[in-house]
Amino acid sequence: MLAEPPSLLPPSPLRLRLDRDALAANWRTLDRLSGPAAAGAAVKANAYGLGTAHVVPVLAAAGCRNWFVAHWQEVPELLRHVPPAQVAVLHGPGTDADAAYARAAGVRPVLNSMPQVQRWLSAGGGPCDLMVDTGINRLGLAMSELGDPAIGLLEIDCCMSHLASADEQSTQNSLQLARFGEVVQGVTAKRYSLANSAGIGLGADFHFALTRPGIALYGGVPTSALAGRIAQVARPQASVLQVRSLAAGEQVGYNATFTASRPMRVGVVAMGYADGFLRCWAGKDVFLWQGERLPVLGRISMDMTVVDLSRAHDCGEGDWLMLDYTLPEAAAESGLSQYELLTLLGIRFARQS
Ligand SMILES: *Cc1c(COP(=O)(O)O)cnc(C)c1O
């Protein structure tokens, strides 16, 4: 097999520009808003799609010392950048192999059920975290299980729960807070943690010792309490592969869903739904060229999107168009969540910081 000389591989026509200063500033803001609690960082799913290798060193330099991933398979990449004792794995030990790996790697499993508690103890135990369900009914021990003697045998670093509706004014928040108060009374741990990004905005009662922001680190604004305090981090860009001139009546793309009503100049951009630019963006003016907003014409293809260049006369082949990826606005425009907008961004984007 011949290896491709890497120096000959041309750069990607897709870039994801990451603003390191904004990322660091967002962590500092969330840490400050957490009061005496420390802010950690949820870096699961490749740091919400932005790239663990780009994100984690920036957050570590800003002062972050607590990291959360979901899958065991996400641990090795994270351990290239941070010490194992700072890492917690949210899905917990679902198998004996998971427990053995946690002990060998020196990372903490988050125990989510009595079988996970038993499995961890059988494997020899050691520092762990404990997730208690206070109403989201996703992962976590039931409140009724907290009296089990096996829990007293655990070496719990962080005892946590997760809010279901922190991004809303909901009575569920105070209900979960009250239940978590009982958890704090009933479970011995070094630290307690309840708040995600939106939970930080709910105020000091929700902060405990450690907060676990994710989306807001990366520029998401999940609650109005954080509005104006969070900076945009991710800016996708795509280059123009070809410029075409359409005559009135000509049609664009699969199933001809767009028909030109006048002669127009259009650009074929090297980005499609395989890159996370889903078909819900059809017809939206999400592209930017020197401050002008440019609409998407017709269906989005797997690797290509056609853009109206009528207002971008000087934009030509090889030029870069920006996506307006201001997350709250882009979510409202696309119908996707801010979380989906980030985690969708595909591997063909060259992540650059
Ligand atoms: C993903 C996750 C977070 C971060 O949530 P955001 O809403 O992105 O701030 C915090 N805690 C747990 C348990 C999570 O799974």
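**Exercise 1. Find which residues lie nearest the centre of the largest pocket.**

Step 1. The lining of the largest pocket holds 29 residues. Lys44, Tyr48, Arg138, His162 and Asn196 lie nearest the centre.

Step 2. Assign the lining to elements. Helix H2 (44-48), helix H9 (197-200) and helix H11 (338-343) each give two or more residues. H2 has the largest share, three residues.

Step 3. On a 1 Å grid over the protein atoms alone, a pocket is an open set of points with protein on both sides within 12 Å along at least five of seven lines; a cavity is a set where a 1.4 Å probe fits but cannot get out; lining residues have an atom within 4 Å of a point. Points are joined across faces, edges and corners, and a volume is the space filled by probe spheres set on them. Helices (H or I, at least four residues) and strands (E, at least two) are DSSP runs numbered from the N terminus.

Step 4. Check the source. This is a predicted model: local features need pLDDT of at least 70, side-chain atom pairs count only at pLDDT 80 or more, and totals for chains, interfaces and linings use all residues. Numbering runs from 1 along each chain as its sequence is written, and side-chain values use heavy atoms, without hydrogens and water.

**Exercise 2. State how many cavities of 30 Å³ or more the whole structure has, and what lines the largest.**

Step 1. The search finds one. The largest cavity holds about 30 Å³ of space.

Step 2. Its lining is Leu18, Asp19, Arg20, Leu23, His54, Val55, Val58, Val233 and Ser353.

Step 3. H3 gives the largest share, three residues.

**Exercise 3. Decide which residues of H3 are buried and what covers them.**

Step 1. Buried means under 20% relative accessible area (1.4 Å probe, protein chains only). In H3, Thr52, Val55, Val56, Val58, Leu59, Ala60 and Ala62 qualify.

Step 2. Recall the helix geometry. An α-helix has 3.6 residues a turn, so residues three or four places apart point the same way.

Step 3. List the cover, by contact (heavy atoms within 4.5 Å). It includes H1, strand E3 (41-42), H2, strand E4 (67-69) and helix H4 (75-79).

Step 4. Look past the helix end. Gly63 follows H3 and has a positive phi, near 125°.

Conventions:
Buried < 20%, exposed > 50% of the residue type's maximum accessible area, 1.4 Å probe, protein only.
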